[in-house]
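Trainee: Could you walk me through this structure step by step? I would like to begin with how the chains meet and then look at a few single residues.

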Amino acid sequence: MSEPVWGKYGSWEEAEQFLGKVIGEDPGVDAVELGSIRRWLEPKEFACTLHTDAAAAKAAGYRDVVAPSTMVFSYGLPAYWSPGDPHAVMGDEPRQIPIPVIFDVPAPCTLSFASNIDMEFFEPMHVGDRITRISRLVDIKHKELRVGKGAFMTQEDTYTNQANAKVAVVLLTIFRFVPPDKSED
Amino acid sequence: MHASRTFDSVTVGDELQPIAIPITLQRLVMEAGANRDFSLIHHDRDVAKATGAPDAYMNTFFIAGMFERLLREWMGQDGRLNKITGLRMNVFNAIGDTVTFCGKVARAENESRQVEVELWSESEKGKTVTATATVTLP
């Protein structure tokens with residue numbers, strides 16, 4: 001098996017140039033809808049009629065069924081394949097979740113993991129809503145951990161709906177690093 | 001008809017009913033399909049192990065969703081989830097672990113009717129994830 005490598009490769013100087021800038025913008029491919037909500041609830045064994053029953057949601061003050069707040073991540077994702085895209089062939093790199101701070105910001109790192117997340121929720125996501133995510137790089141903190149040398153890189157994701165109302169703001173911190181025996185210095 | 005917890009019924013130190021969930025490859029695959037985080041480390045055991053993890057493990061979206069379930073089951077239908085902050089993943093929640101999601105009321109603010117809940121998950125490896133939530137109760 002080959003060594004796994006995640007992320008756009010480049011120098012720390014290149015990474016610093018992205019600080020404060022938009023590093024990704026994705027209109028979510030799917031509108032908020034009952035089928036995707038049900039499939040999201042299923043592996044969590046999460047039973048709540050706000051997310052499945054319009055009458056229950058209306059009784060709680062919503063205009064229709066609402067998606068769970070933390071499902072906002074999924075509704076801000078683009079498609080992994082769309083009509084017109086090339087068809088996959090054996091040996092292609094696997095598709096990864098498009099996290100801009102990993103895949104659009106260059107850094108001299110080969111691996112990464114999510115370390116911290118802060119989420120604040122505003123407008124609820126009703127069935128039919130369409131969610132867009134705009135990501136900015138807001139912080140880079142260099143650090144050496146047991147797993148390797150690298151940096152905690154934070155992206156701020158602002159999620160809005162089709163009326164441009166703020167749905168959520170998420171700060172996602174990813175530690176990007178090189179394992180000790182792969183360090184360049 | 002729906003039941004909801006009211007602000008007046010909450011006391012600092014109250015514990016939320018814990019939720020235990022076994023982590024299996026099937027559950028991780030179901031979750032990846034549902035939340036659309038297809039990072040290999042969350043469903044390909046060999047790739048996860050090659051990165052130093054003990055096995056394929058829960059992703060951030062899954063963990064956040066489990067905390068939302070914990071809070072929703074405690075709050076009922078009329079509570080509003082405002083924030084989950086400082087969510088920090090300290091230990092992998094991997095295949096073979098039974099992960100229990102827990103919470104405890106840390107603070108209650110009369111004027112805003114907001115309640116701060118300390119959240120954590122634990123397994124046989126100890127505390128695996130910590131976070132804090134803020135909710136508004138009727």
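Mentor: Let us begin with the contact itself, to which chain B contributes 39 residues and chain A contributes 40 residues, and please keep in mind throughout that this is a predicted model.

Trainee: Okay, and how much area is buried between chain B and chain A?

Mentor: The area buried between the two chains comes to about 3,600 Å², and carbon and sulfur atoms give 58% of that. On the chain B side, Arg36(B), Phe61(B) and Gln77(B) together supply 17% of the area that chain B buries against chain A, which is more than any other three residues supply.

Trainee: Why give an area for an interface at all?

Mentor: The size of an interface is often given as the accessible area lost when the parts come together.

Trainee: How many salt bridges are there across the interface of chain B and chain A?

Mentor: The rule finds two salt bridges across that interface. In one of them, the side chain of Glu31(B) meets the side chain of Lys44(A), with 2.9 Å from N to O.

Trainee: And how many residue pairs are in polar contact between chain B and chain A?

Mentor: There are 18 such residue pairs between the two chains, counting those with both residues at pLDDT 80 or more. As for where the chain B side comes from, the elements that give two or more residues to it are helix H1 (25-35), helix H2 (45-50), helix H3 (60-75) and strand S2 (80-89) of chain B. If you sort the residues of that side by kind, you find 16 nonpolar, ten polar and 13 charged.

Trainee: In which sense do strand S2 of chain A and S2(B) pair?

Mentor: Strand S2 of chain A, residues 111-121, pairs with S2(B) in the antiparallel sense, and the pairing runs over four bridges. Within it, Glu120(A) stands opposite Lys83(B), a residue of S2(B).

Trainee: Let's stay on that strand: is Asn82(B) buried or exposed?

Mentor: Asn82(B), which has its place in strand S2 of chain B, is buried, because its relative accessible area is 17%, under the 20% cut-off.

Trainee: What does Asn82(B) touch?

Mentor: Not counting residues up to four places away in sequence, Asn82(B) touches Met119(A), Glu120(A) and Phe121(A) in chain A, as well as Gln114(B), Thr134(B), Val135(B) and Thr136(B) in chain B. With Thr136(B) there is also a polar contact from side chain to side chain, at 2.8 Å.

Trainee: New topic: where is Pro179(A) found?

Mentor: Pro179(A) is found in the segment that follows strand S5 (166-178) of chain A, and it is buried, with a relative accessible area of 16%. Leaving aside its neighbours within four places in sequence, Pro179(A) is in contact with Thr110(A), Leu111(A), Val147(A) and Gly148(A).

Trainee: How far apart are Pro179(A) and Phe46(A)?

Mentor: They are 133 residues apart in sequence, and in space they are 38 Å apart, taken from C-alpha to C-alpha.

Conventions:
Residues numbered from 1 in each chain as written. Chains lettered and ligands numbered in written order. Predicted model: local features only at pLDDT ≥ 70, side-chain atom pairs only at ≥ 80, totals over all residues. Heavy atoms only, no water. Contact = heavy atoms within 4.5 Å. Buried area = accessible area lost by both parts, 1.4 Å probe. Salt bridge = Lys/Arg side-chain N within 4 Å of Asp/Glu carboxyl O. Polar contact = N/O pair within 3.5 Å; in protein donor to acceptor, adjacent residues only side chain to side chain. Nonpolar A, V, L, I, M, F, W, Y, C, P; charged D, E, K, R; others polar. Pairing = 2+ DSSP bridges. Buried < 20%, exposed > 50% of the residue type's maximum accessible area, 1.4 Å probe, protein only.
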